[in-house]
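The paragraphs below lead a new reader through a structure and the place where its chains meet. Please keep the sequence and the 3D view at hand while reading.

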Amino acid sequence: MSFAGNQDSKVVVLLAPIGIDDAAATSLACDCLGFHYATVLFMTGLTDDADYDALSLEECDTSGGTYAAITGSAHTDPITTQDGLVWRWDLDLRKRKRFLKVVADPGDGTADSLAACLAILSVPDIEPQSAADLGVVARLIL
Amino acid sequence: MMNLGATQGCKFKLLLAPISINGTAATSLSLDCQGFKYATILFMSGLIGAANFDAALSLTESDDDSSYAAISGSGNGTPGDSSDALIWAWHLDCRKRKRYMQLVADPGAVACLVACVGILSMAEEMPNSVTEAGVTAALFL
């Protein structure tokens, strides 16, 4: 059973808000163990004057292992005018490896492109019990 | 109503696109909750400069998307210099709230990278396009 809304979802930072330029951003690994479903959100802030070279996902059985591209996960590359938008992947984790990363490679502009990425893990085997289990510093239910 | 597995039936809205803010409260976009029963708001920090935020992260609400009032009890911690790459969450039963919500994030006088996204769920009518889901593109894998 899934709780109403996303009350029992865990959130994981893949890219904390960051400025990146002409090199693939270094994604953190998202450990999907214990969850059946994931939604990954890639968010653009101000995109510099060059289109992205890549935006996709990769997966691996181990956190520090060699990641392989997930077939079909490549979004059309964000372009310079696409500020303040969200790209989304929905994944049935029963078909995936345990660890996920995002590949986000902005083009070579004159300044950084601002971006962030997070994963929302849901349909858990065991309901998260604490803020730490949910991947947050603090949460309020109002 | 059945909740689809996970976040498949959710709508997303950037309240703060990834941005560097410094010294003044960031102007959040509005989250229009009409048609949804539940909202989750996630505030993400990147690199926080060497000064604490001036106030706790909090939410405001409005009936008309014009005049906003603080949501009582929504103060949710004050990010500081060591609060890099973290997430603060609010879960809201929209039936008890006004239609529009905004985030209040007031950094200290140093540059801070932040972002904030609202997630609307339990839709009365399921979003059935990327536009209705609030995203540019979606892939189901």
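Across the interface of chain A and chain B of this predicted model, 16 residue pairs are in polar contact, both residues being at pLDDT 80 or more; a polar contact is a pair of N or O atoms within 3.5 Å, where within protein one must be able to donate a hydrogen and the other to accept it, and residues adjacent in sequence count only if both atoms are side-chain atoms. On the side of chain A that touches chain B, two or more residues come from each of β1 (10–20), β3 (35–44), β6 (86–92), β8 (113–124) and β9 (138–141) of chain A, strands being DSSP runs (E, at least two residues) numbered from the N terminus. Residues are numbered from 1 along each chain as its sequence is written, and chains are lettered from A in the order in which they are written. Local features need pLDDT of at least 70, while totals for chains, interfaces and linings use all residues.

The contact, meaning heavy atoms within 4.5 Å, takes 55 residues from chain A and 53 residues from chain B. About 4,000 Å² is buried between the two chains, and carbon and sulfur atoms give 67% of that area, which is the accessible area (1.4 Å probe) that two parts lose on being put together, summed over both. In chain A, Pro17(A), Arg88(A) and Leu142(A) lose the most area to chain B, together 21% of what that side buries.

The strand β9(A) also runs parallel to strand β7 (residues 87–93) of chain B, to which four bridges join it, with two strands counted as paired if DSSP finds at least two bridges between them. Within β7(B), His91(B) is the bridge partner of Ile141(A).

Methods
Heavy atoms only, no water.
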